[in-house]
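Hi,

Here is the structure I promised to hand over. Have a look, then read my notes below.

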Amino acid sequence: MNYTNSQILDAAGVLKARQAEMTNKSDILKAIELKALFDQIKTLAPEERKAFGQELNSLRQELKAIADEQADEAGQLAPIDITAPFDINAKLPSLFSSELGSRHPINTEIERIVDIFYRMGFTAVDSPELDDDYHMFESLNFPEGHPARDDYDTFMTTQTDSKGKPFVSPAHTSTMEHRVFKNYKANLDKGEPIAVVIPGRVFRNEDIDVTHEHTFYQLEGVYVGKKIHAGHLIATLQTYLSEYFQQDLKAKIQPFYFPFTEPSFEFAVERPDILRKNDSEEQKWLELGGCGMTHPNVLRAAGIDPEIYTGFAWGFGIERMVMMKNSIEDIRHFESGKLEFLRQFS
């Protein structure tokens with residue numbers, strides 16, 4: 001728009017330049033320069049006021065129109081992520097081609113393991129990374145004050161559940177057992193077993209070294225049906241391990257203690273060829289995890305009659321399986337984010 005008054009013409013150039021730099025474009029209508037021009041009207045001679053006022057109003061309307069137009073354009077833009085390392089006006093950094101990327105070895109291995117159990121008739125469910133005291137302890141036969149709770153020293157939040165107890169970062173994927181038994185109880189009524197594997201991330205207060213991490217992945221497995229015994233447990237684990245290592249392997253169990261199984265065992269597998277250095281007895285067996293027959297109290301807590309149904313459960317660390325299969329020497333590599341380690345699995 002053309003302005004005949006030199007003062008308004010000069011102000012128009014200044015105000016438009018300032019408006020272009022403003023985040024909130026409508027703020028220009030409160031500019032002191034514009035206010036000063038309106039205040040100047042009362043100082044002018046009566047014959048000058050009309051023309052001056054008309055041009056000044058035209059300038060104000062022009063600035064408002066620009067502000068409204070730019071506000072509409074901004075409203076059509078996608079939301080801006082204020083946590084991004086660059087703003088909307090910055091040049092995007094060059095990115096790596098997706099062809100150079102690869103899946104994390106843990107995710108790849110979880111899929112392989114779960115696929116084996118799928119083919120064995122199991123269903124898979126995920127494990128949460130924050131849970132309550134009931135599912136972490138009470139539903140698994142860890143009553144309040146039970147000394148075995150100390151063996152599962154883990155991380156807790158200041159936020160509490162409905163009973164006033166802090167939420168827990170699970171130390172094992174067994175926190176899902178109670179939910180699985182309740183959710184799949186209908187299988188038993190139909191004459192079908194409960195057969196579920198539970199992969200998930202778990203947390204423990206560990207002294208970190210090449211074989212221990214405070215954060216790692218675990219795979220829990222449960223099976224419940226009629227006349228289920230320890231022989232079924234050993235056969236299930238032996239079948240899985242033979243398929244995983246692509247080699248016929250023997251498995252064995254030895255007594256141990258877990259509150260949620262009775263009897264409880266540690267299970268070991270005949271060391272696969274890739275891990276055997278010699279034929280000594282010491283090199284023959286490889287301990288892999290814990291297992292046992294599901295404790296009657298755990299079944300009762302889920303409304304399953306232990307006089308009619310029995311079951312078994314097991315758990316092992318997934319990182320350890322990957323380490324054995326790929327000759328990885330340090331468990332800390334998995335959480336390190338080091339590209340030189342991850343690129344080996346591309």
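Which residue just after α4 takes a positive phi? It is G121, at about 95°. Keep in mind throughout that this is a predicted model.

**Helix α4**

Start with the helix itself. α4 covers residues 105-119, 15 residues in total. From first C-alpha to last, α4 reaches 21 Å. That is close to the 21 Å expected at 1.5 Å a residue.

Eight positions to look at here: P105, I106, E109, I110, I113, V114, I116 and F117 are buried in α4. Viewed down the helix axis, the buried residues of α4 fall within an arc of 155°, so they line one face of the helix. The background is simple. An α-helix has 3.6 residues a turn, so residues three or four places apart point the same way.

**Salt bridges**

The count comes to 12 salt bridges.

- E111 and R103: their side chains meet at 3.2 Å, N to O. E111 is partly exposed, with a relative accessible area of 49%. R103 is also partly exposed, at 44%.
- E138 and K165: this salt bridge has an N to O distance of 3.0 Å. E138 sits in the loop between α5 (133-136) and β2 (155-160), and K165 in the loop between β2 and β3 (166-169), so the pair ties together parts that are 27 residues apart in sequence. E138 is partly exposed, with a relative accessible area of 29%.
- D330 and R332: the side chains meet at 2.9 Å, N to O. D330 is buried, with a relative accessible area of 10%. R332 is partly exposed, at 33%.

There is also a network. Salt bridges that share partners join D133, E138, E144 and K165.

**The largest pocket**

Now the pocket. The largest one has a volume of about 1000 Å³. It is lined by 39 residues, and the closest to its centre are R204, F216, Q218, L288 and G289.

Which strands and helix each supply at least two residues of the lining? They are β5 (215-225), β7 (261-270), β8 (285-294), β9 (310-317) and α10 (318-326).

Best wishes

Notes:
Residues numbered from 1 in each chain as written. Predicted model: local features only at pLDDT ≥ 70, side-chain atom pairs only at ≥ 80, totals over all residues. Heavy atoms only, no water. 1 Å grid on protein atoms, 1.4 Å probe; cavity = no way out; pocket = protein on both sides within 12 Å on 5 of 7 lines; lining within 4 Å. Points joined across faces, edges and corners; volume = space filled by probe spheres on them. Helix = DSSP H or I, 4+ residues; strand = E, 2+ residues; numbered from the N terminus. Expected span 1.5 Å × (residues − 1). Buried < 20%, exposed > 50% of the residue type's maximum accessible area, 1.4 Å probe, protein only. Arc of directions from axis to C-beta. Salt bridge = Lys/Arg side-chain N within 4 Å of Asp/Glu carboxyl O.
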